[in-house]
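Morning, everyone. I'll take you through a few spots in this model, one by one. Please have the structure open.

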Amino acid sequence: MNSPRFLKKTLLTALYVILSAWAIAQEQTDPVSHVSTLVGTQSKFELSTGNTYPAIALPWGMNFWVPQTGKMGDGWVYTYTADKIRGFKQTHQPSPWMNDYGQFSLMPMTGKPIFDEEERASWFSHKAEVAAPHYYKVYLADHDVVTEITPTERAALFRFTFPETDQSYITVDAFDKGSYIKVIPEERKIIGYTTKNSGGVPENFKNYFVIEFDKPFTYQATVDQQDIKEGQLEATADHSGAIIGFATKKGEQVHARVASSFISFEQAAINLEELGNHNFDQLVANGRKTWNDVLGKIEVKDDNVDNLRTFYSSLYRSVLFPRSFYEINAQGEVVHYSPYNGEVLPGYMFTDTGFWDTFRSLFPFLNLVYPSMNTKMQEGLVNAYRESGFLPEWASPGHRNTMVGNNSASVVADAYLKGLRGYDIETLWEALKHGANNVHPSVSASGRTGYEAYNQLGYIPNDIKVSQNVARTLEYAYDDWTIYTLGKKLNKPQEEIAVYGQRAMNYKNVFDPQYKLMRGRKADGSFGETFNGTDWGRDFTEGNSWHYSWSVFHDPQGLIDLMGGNDAFNQMLDSVFIIPGAEGMKSRSMIHEMREMQVVNMGQYAHGNQPIQHMIYLYNYAGQPWKAQYWAREVMDKLYAATPDGYCGDEDNGQTSAWYVFSALGFYTVCPGTDQYVIGSPLFQSVKLNLENGKQVLIEAPGNNKDKRYISSVKVNGTEHTKNYLRHEDLTDGAKITFELSAQPNKSRGIAAADAPYSFSKEFSANAN
């Protein structure tokens, strides 16, 4: 007979097993468990499937970490097809094209002290790699060392598991282009700074770092230009580093506490306090909770686990950039090193984003789901303007001279028009007007290149030595509309804002009715003699006329009218998918965007680049919303996956990911600055948006599956909804949105003119009269 004590023990054991199983199940179903940080890493210079790296970071963190497979200075810092790791690098890289700044690395080794990155590199396998946002683990086969990393916003904890040997080492590489390092054995510490960057920094730029170990050193050396100097504790060189060593037992774990600062060594030490007294596993748990809190703002229920993985991997990418570039000083105050003037100043600063990409859906996504973060970012823009005289269009970390447009206007206007408050909007209003009528004296991407001709002629001619003139004209016209719309909201006098409303119609000046496309125009008003809409040329930015002709975000109805009405407009939209992707590829030297369009076999639809990403939603403006529903699903199903080749082009700092996140919810921001989200086709059976104001949006599509992509009906709070858009207020007030989906299109829903989303033409015509 079993004793009561035995039965009690058995019951407790059973309860423990049940609770453990429940805990494991919870861990496997929480949002972060669906994230793969390796999505998009199977990329190269010739073909991007994301051009991402597995960022080990917290949301919007200042410092990211990444296993480094590429050579020092190579923008492709981690590629999935690589088989060796050279180190574990603190990175601030937004993309391989912008490259990195303020980077340094750690690398554990056994056998002998090595500094050369080729010699110290170790074979690794994805089979012995765990890559999550808050935790990374890999086995370095050549050194028989397991490396683990878990981050905070400005610090990280490393855990190295060594074999039994008298020759265990850790190399700290401060990289080239000017660096300093000092070993402090009595404190088991290494400090240093790196000045390595790719531009966009003041002359006094440094990233100061501090590394504390929990094991005494039995070996120490510094490095000067690959020369290992044993016993020497300090080095300043173009390329400096340090190596420390010790004897280890089998399975012994050595920890390295790491932090950095753009302000000072003292501030780096303050940033190190983010780790607190937590051990490694506690920090992993903290990081998991942080990610689940952020990702959990959107709760998805669906039977398709592949879609869940793709969704949450995309959501992870949507909350990395723009990165924090501010720190908390000893008095608890928010301060930042200014990447514009080199001073340490109060207030927020964010960086590593290109508005040419991210104005389209990334910033509108923040305004809906994470408005408190974008409020801080708007404060950061106020500071950027005060410190440099211009808003950045591409910041990394300061002004960078790349891409076109003046889309900071969209980012500022959409935030305020969506209800964000608590920052100096009047300063930003002055910044928008200034940027619209000036160009930065040394960084032509900030402000408006060609603004004189644009303001005088209503377009930028293609014979005045201003490249990408059609792209600039189209984006400036939209940006002028955002300034005009913000000015109205701020109750600015009509005489101050009217000019921006007039310029918002400038897109018409580069439309050629002969081809029904946008094209370059000379200063005398004439179009050139030859034209092919598929040619990738100097009039456009990383694209052709078939990509850019749809860049009339604020006035699709005006574009419809130019093209000859709904039927003609829909025919032109249809043609995008019919004209072969290879057309135009010989019109200029090859760039990766051309190849990425060609290989996906969707005609001229180049989703791998930003200008055309809204185009499929334009069917909603011309009486054929079912085509938007079809193509939204087609793009989500075909061009996204939670795999290393999971994107169809550059991910671009959250923009291409935010497109997927929005589209999977069932709507998209065609025109930031309006209060409207244009409807596509929801991907999931049930989604909850947990908004910061405490309200909840429930989006339901019962029976949703791959075969049901068309909308039969939409109900908002139980009321039939025929319009092809949802309003921002509909969502932020809390809503229940129910989609009834079908395998066949409903060609009678959403076809009335009143069902179409916003276009500026009607408002402009009314004002003109």
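**Helix H17 and what follows**

Let's start with H17, where His-592, Glu-593, Met-594, Glu-596 and Met-597 are buried. One caution before going on: this is a predicted model. What covers those buried residues? Helix H14, residues 545-548, is included in the cover. Just past the end of H17, look at Asn-601. Asn-601 takes a positive phi of about 60°.

Stay in this region. Between helix H17 (592-599) and helix H18 (625-639) there is a loop, and Asn-609 lies in it. Is Asn-609 buried or exposed? Its relative accessibility is 6%, under the 20% cut-off, so Asn-609 counts as buried. The Asn-609 side chain reaches the backbone oxygen of Glu-542, at 3.0 Å. Leaving out residues up to four places away in sequence, Asn-609 touches Trp-356, Thr-541, Glu-542 and Glu-593. Glu-593 we have met already: it is one of the buried residues of H17.

**Helix H5**

Next, H5. It covers residues 305-318, which is 14 residues. From first C-alpha to last it reaches 20 Å, close to the 20 Å expected at 1.5 Å a residue. How many of its residues are buried? The count is 11 of the 14, so H5 is largely enclosed by the rest of the structure. Among the buried ones are Phe-311, Tyr-312, Leu-315, Tyr-316 and Arg-317.

What do they pack against? The partners are helix H4 (280-295), strand E19 (298-301), helix H7 (362-369) and helix H19 (655-665). Now the start of the helix. There, a side-chain oxygen of Asn-304 comes to within 3.0 Å of the backbone nitrogen of Asp-306.

Take the H19 partner in detail. The H5 and H19 axes come within 8 Å and cross at roughly 130°. The two helices are therefore oblique to each other. The crossing is left-handed. On the H5 side, the contact is made by Asn-307, Thr-310, Phe-311, Ser-314, Leu-315, Arg-317 and Ser-318. On the H19 side, look for Ser-657, Ala-658, Tyr-660, Val-661, Ala-664 and Leu-665.

**Helices H12 and H13**

Here is another helix pair. H12 runs over residues 469-489 and H13 over residues 494-503. They pack at an angle of about 150°, with axes 7 Å apart. H12 and H13 are therefore roughly antiparallel to each other. Their crossing is left-handed. Which residues meet? From H12, the list includes Trp-481, Ile-483 and Tyr-484. From H13, it includes Ile-497, Tyr-500 and Arg-503.

**Two loop residues**

Last stop: two loops. His-92 lies between strand E3 (87-91) and strand E4 (104-110). It is buried, with a relative accessible area of 0%. What does His-92 touch, not counting residues up to four places away in sequence? The neighbours are Met-62, Asn-63, Asp-100, Tyr-101, Gly-102, Asn-207, Phe-262, Arg-323 and Asp-352.

Now Glu-186, in the loop between strand E11 (179-184) and strand E12 (189-194). Glu-186 is exposed, at 66% relative accessible area. Glu-186 and Pro-216 are 30 residues apart in sequence, and 8.0 Å apart in space, C-alpha to C-alpha.

Key. Residues numbered from 1 in each chain as written. Predicted model: local features only at pLDDT ≥ 70, side-chain atom pairs only at ≥ 80, totals over all residues. Heavy atoms only, no water. Helix = DSSP H or I, 4+ residues; strand = E, 2+ residues; numbered from the N terminus. Expected span 1.5 Å × (residues − 1). Buried < 20%, exposed > 50% of the residue type's maximum accessible area, 1.4 Å probe, protein only. Contact = heavy atoms within 4.5 Å. Polar contact = N/O pair within 3.5 Å; in protein donor to acceptor, adjacent residues only side chain to side chain. Axes fitted to C-alpha atoms, helices over the stretch in contact; angles between N-to-C directions. Parallel < 35°, antiparallel > 145°, perpendicular 65-115°, else oblique. Left-handed = near helix turned anticlockwise from the far one by under 90°.
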